[in-house]
Each structure stands twice: as C-alpha cells, then as structure tokens.
Amino acid sequence: MASLNKVMLIGNIGNAPECRTMPNGDSVAHFRLATTEGWMDRASKERKEHTEWHSVVCYRQQADFVRDFLGKGRQIYVEGILRTRKWADKQGIERYTTEIRVDSVQPLGPRPDGVGGSASNDRAGQGKGNEAPPAGGFPEGADDDLPY
C-alpha cells in the first residue's frame, strides 16, 4: 500500500534560526514557524485566531540559505516531511520531537524591517564563514540576488 508524508506550510519564522555544523561537516538550521488561522465566532461575532508553532529543521544548502538570508519575522513557504526523532535529555530521560524536515524553503513577501536573515547579530561570532553583513545592512533590492 502506498503512503505519503508531505508537509506544506506558509508562516512566519518565530525565532532567529539556530545554525551549526554537524560532525560530518553538513550545516543544520533549526527554527520555529508560526502558522495562524482566523475565523469569526458565530455566537459572539468576534474575530478569533489560533497560532500553531512548528519545529523546523533544514540541512546542507537549505540550512545555509536560512542562515544567510532569513530571520525572525520573515514569512516563508516550506515543504518537507514530518519526522519524529528520539533523544535523551540531560537526566537521560528519553524524549521525542516531531519536526518538519525541510526539502524546500522560499521567502514570501517583502522583507520586514530589520529582518534579512541572519543579517543582524544572529550569526555574530559563530565562526568561519560567518562574517557580518555589509555596513548599513543589505541594500535595497538585495532580494533580487537571492538564489531562489
């Protein structure tokens, strides 16, 4: 029997992506993605909304792209699969985490003020290849040079 594990989300990055290099040299980036649904309550006629938070992980080129061009507040489209992994906390207790393992990520809409990616201090001091952005931030139209 066939099966399908596919996730497609449009939302806003909720925290500065945490980027690191794994022992094998591959890049990995973790961040939280907020998706919000809104509706009109029939009884009270009030507008209601619910925000769902998703754990997202990107590897290799996708992680590099997130590190270099995306940051907190940026609206993005992600496509990937759901993956649950087991890990042990500091006390040795087994824990489980379900996250979206990204195959594709694409920024949407205009870049919010102060958000360019790890443009500000998100990458400061993280080591080789993580130099600061140009003085004064990214120039207007910098999105035109993004590789997507």
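**View 1. Thr-35 and His-54 meet through their side chains.** Their polar contact spans 2.8 Å. A polar contact is a pair of N or O atoms within 3.5 Å; within protein, one must be able to donate a hydrogen and the other to accept it, and residues adjacent in sequence count only if both atoms are side-chain atoms. The model is predicted: local features need pLDDT of at least 70, side-chain atom pairs count only at pLDDT 80 or more, and totals for chains, interfaces and linings use all residues. Residues are numbered from 1 along each chain as its sequence is written, and side-chain values use heavy atoms, with hydrogens and water left out.

**View 2. Thr-35 sits in strand β3.** This strand covers residues 27–40; strands (E, at least two residues) are DSSP runs, numbered from the N terminus. Thr-35 is buried, at 15% relative accessible area. Buried means under 20% (1.4 Å probe, protein chains only). Among the residues that Thr-35 touches are Leu-9, Gly-11 and His-50, leaving aside those up to four places away in sequence. Contact means heavy atoms within 4.5 Å.

**View 3. Thr-97 lies in strand β6, residues 94–107.** A polar contact of 2.7 Å links the side chains of Thr-97 and Trp-87. Arg-85 is twelve residues away along the chain, yet its C-alpha atom is 5.5 Å from that of Thr-97.

**View 4. Strand β6 pairs with β5 and β4.** Strands pair if DSSP finds at least two bridges between them. β5 (residues 75–88) runs antiparallel to β6, with 13 bridges. Five residues separate β5 and β6 in their hairpin, and Gly-92 in the turn has a positive phi of about 85°. β4 (residues 47–59) runs parallel to β6, with two bridges.

Definitions and conventions
Helices (H or I, at least four residues) and strands (E, at least two) are DSSP runs, numbered from the N terminus. Buried means under 20% relative accessible area, exposed over 50%, partly exposed in between (1.4 Å probe, protein chains only).
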